[in-house]
Amino acid sequence: MITDVRELLPLYALGILEPDEANVVERAVAGDAALAAELASFQASADLLVVPVKPAPEVSTRLLASIGSGRFEKFSARVSTLYDVTVEKARELLALIERPASWNQEAGGISLVHFDGGARYAAADCGFIRLEPGAVFPPHKHLGEEASMVLLGNVRDTASGRLLGPGDELLQAEGTEHHLICEGTEPCIFAARAMNGIEVAGAPARPTKPSL
């Protein structure tokens, strides 16, 4: 039995034993100081074989996005409320931010991602808006209440003069008008929900929402 356990020690140190075999090793080691010392030696050698590798930032971003909302996880609950979706769905939506194919490129340094909100906001335009540094989301009139929240960067609201940063929210009543400017050296990304859409230059601007 001792011989069999000794054969299992290097595999235990590498973490590749089945649970029942690992239990055998742990019970044997607990009662035998010599076995414990031998296992410690194997574990020290195994530690030298495994060298942690830190992935490149872009790889980390894609990995996090593939399993959830990544760097925007802290906004999941609030995005859930903003769009009337589950937290799990909010995470899926936030993950779209990290996928270049999700964005529709518009003129003037503006990019958009559109999607459907939950039942409560079925009549609303829901999505993410990205502005490059210095870009302006054009003057527009709200045809219903608009709620937005900044996720990244700094956005200047021209109606109030406020400079909004990550986590800041802005609520606009029906009939109000404003435009938004990305200030600073990094892009601005904000989540928006506009009931009944908006009007730009006197014409309704209601995007077609693709299936995501």
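Predicted model: local features only at pLDDT ≥ 70, side-chain atom pairs only at ≥ 80, totals over all residues.
Me: What does the secondary structure come to?
Reply: Six helices and 12 strands in the protein chain. These are DSSP runs numbered from the N terminus: helices are H or I with at least four residues, strands are E with at least two.

Me: How many aromatic pairs does a search of the whole structure find?
Reply: Three. Rings of Phe, Tyr and Trp (its six-membered ring) pair if their centres lie within 6.5 Å; planes under 30 degrees apart count as stacked, over 60 as edge-to-face and the rest as tilted.

Me: How far apart are the ring centres of Tyr-83 and Phe-115?
Reply: 5.0 Å. Their planes are at 90 degrees, so the pair is edge-to-face. Tyr-83 is in helix H5 (residues 76–83) and Phe-115 in strand E2 (residues 110–115), so the pair ties together parts 32 residues apart in sequence.

Me: And what about Tyr-83 with Phe-128?
Reply: Centres 6.3 Å apart, planes at 75 degrees, so that pair is edge-to-face. Phe-128 lies in strand E3 (residues 124–131) and Tyr-83 in H5, so this pair ties together parts 45 residues apart in sequence.

Me: Which residues form one aromatic cluster?
Reply: Tyr-83, Phe-115 and Phe-128.

Me: Tyr-83: buried or exposed?
Reply: Buried, at 0% relative accessibility. Phe-128 is buried at 0%, and Phe-115 is buried at 3%. Buried means under 20% relative accessible area, exposed over 50%, partly exposed in between (1.4 Å probe, protein chains only).

Me: And the chain, what percentage is buried?
Reply: Buried residues are 39% of the 212 residues.

Me: New topic. Which ring does the charged end of Arg-130 sit over?
Reply: That of Trp-103, 4.4 Å from its centre. Arg-193 lies over the face of Tyr-121, 3.9 Å from the ring centre. A charge sits over a ring if NZ of Lys or CZ of Arg is within 6 Å of the ring centre and within 35 degrees of the ring normal.

Me: Back to H5. At what angle do H5 and H6 pack?
Reply: About 100 degrees, with axes 8 Å apart; helix H6 is residues 87–95. Axes are lines fitted to C-alpha atoms, for helices over the stretch in contact, and angles run from 0 to 180 degrees between N-to-C directions. The two are therefore roughly perpendicular. Angles under 35 degrees count as roughly parallel, over 145 as roughly antiparallel, 65 to 115 as roughly perpendicular and the rest as oblique.

Me: Which residues in H5 meet H6?
Reply: Ser-76, Ala-77, Val-79, Ser-80 and Tyr-83. On the H6 side they meet Val-87, Ala-90, Arg-91, Leu-93 and Leu-94. Contact means heavy atoms within 4.5 Å.

Me: Where is Asp-84?
Reply: In the loop between H5 and H6. Asp-84 has a positive phi of about 60 degrees although it is not a glycine. Asp-84 is partly exposed, at 34%.

Me: And where does Asn-196 lie?
Reply: In the loop between strand E10 (188–195) and strand E11 (198–200). Its phi is positive, about 65 degrees, and Asn-196 is not a glycine.

Conventions: Residues numbered from 1 in each chain as written. Heavy atoms only, no water.
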